[in-house]
Amino acid sequence: MARYFDVHPDNPQARLLQQIVTILRADGLVAYPTDSCYALGCQLGSRPGLERIREVRRLDDRHHFTLMCRDFAQLGQFVQISNAVFRLVKGATPGSYTFILPASPEVPRRLLHPKKRTVGVRIPQHTVTQALLAELGEPLLSSTLLLPGQDEPMTQGWEIKELLDHQLDAVIDGECGTEPTTVVDLSGDEPEILRVGAGDPDRFA
């Protein structure tokens, strides 16, 4: 059964964050709120965690996973970024965007798109998520909590606990947005909008 953590939205309790990080470091799978919607997250190097995300969402090997990063400095360790792309991404973060970029050698190969060698990166604007990332000290391997056959991602912690109780190790209760991020592929010559979501796509037109 998943543990349910009622984390304060403005002043996340350090004790609870430490317990969640302990779960993550033991290959745990966590559902957590973001500024767009709920996401599934595990430790970056956790092969079991990755497989469990694939299982819950029934994903194939072409799915772009996202590295949820605390800040721009951390993001820059995991993707290769030109000066022009740097300005685009810097101007849109933190916020409701996921950027597809060529991965650096820091990213485990199993997380990469098999043909393009790219990965998604994101800097959230959510107090609880930011506090969790600070406590963890590294990006959180993540995927939107959108279940097979559903059109809308999940946004209620209690509902996630009820539905996925035996597939998760923890659910963090909290407020979140109701739309997934806007996904922008910046790995080519021109920005390509792969999904229109909470972030305004016009800034990349």
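## Ground rules

Residues are numbered from 1 along each chain as its sequence is written, and side-chain values use heavy atoms, with hydrogens and water left out. Since the model is predicted, local features need pLDDT of at least 70 and side-chain atom pairs count only at pLDDT 80 or more, while totals for chains, interfaces and linings use all residues.

## The annotated domain

The unreviewed UniProt entry places the feature "domain: YrdC-like" at residues 14–199. UniProt positions are in the numbering used here, feature names are shortened, and annotations may be inferred rather than shown by experiment. Over residues 14–199 the chain is 31% helix and 22% strand, and the end C-alpha atoms of that stretch are 30 Å apart. Helices (H or I, at least four residues) and strands (E, at least two) are DSSP runs, numbered from the N terminus.

## The sheet

Ten strands form an open sheet in the order β1-β8-β2-β3-β7-β4-β6-β5-β9-β10, with mixed pairing. Its edge strands are β1 (3–6) and β10 (192–195), each pairing on one side only. From one strand to the next, the twist averages 30°. Two strands pair if DSSP finds at least two bridges between them.

Strand β8 has parallel pairings with β1, over four bridges, and with β2, over two bridges. Asp-6 has Asp-173 of β8 as its bridge partner, and Val-30 has Ala-170 of β8.

Helix α1 (residues 14–25) lies across β1, β2 (30–33), β3 (38–43), β7 (140–144) and β8 (170–173), and runs at about 145° to β1. Helix α6 (residues 157–164) also packs on the sheet, touching β1, β2, β3 and β8, and its direction makes about 165° with that of β8. Axes are lines fitted to C-alpha atoms, for helices over the stretch in contact, and angles run from 0 to 180 degrees between N-to-C directions. Contact means heavy atoms within 4.5 Å.

## Two pockets

A pocket is an open set of points on a 1 Å grid over the protein atoms alone, where a 1.4 Å probe fits, with protein on both sides within 12 Å along at least five of seven lines; lining residues have an atom within 4 Å of a point. Grid points are joined across faces, edges and corners, and a volume is the space filled by probe spheres set on the points. The largest pocket has a volume of about 360 Å³. Of its 21 lining residues, His-64, Thr-66, Thr-144, Val-183 and Arg-195 lie nearest the centre. β7 gives the most to this lining, with three residues.

The second largest pocket holds about 180 Å³ of space.

## Pro-12 in its loop

Pro-12 sits in the loop between β1 and α1. Beyond its neighbours within four places in sequence, Pro-12 is in contact with Val-7, Leu-17, Thr-127, Val-128 and Ala-131. The C-alpha atoms of Pro-12 and Ile-160, 148 residues apart along the chain, are separated by 20 Å.
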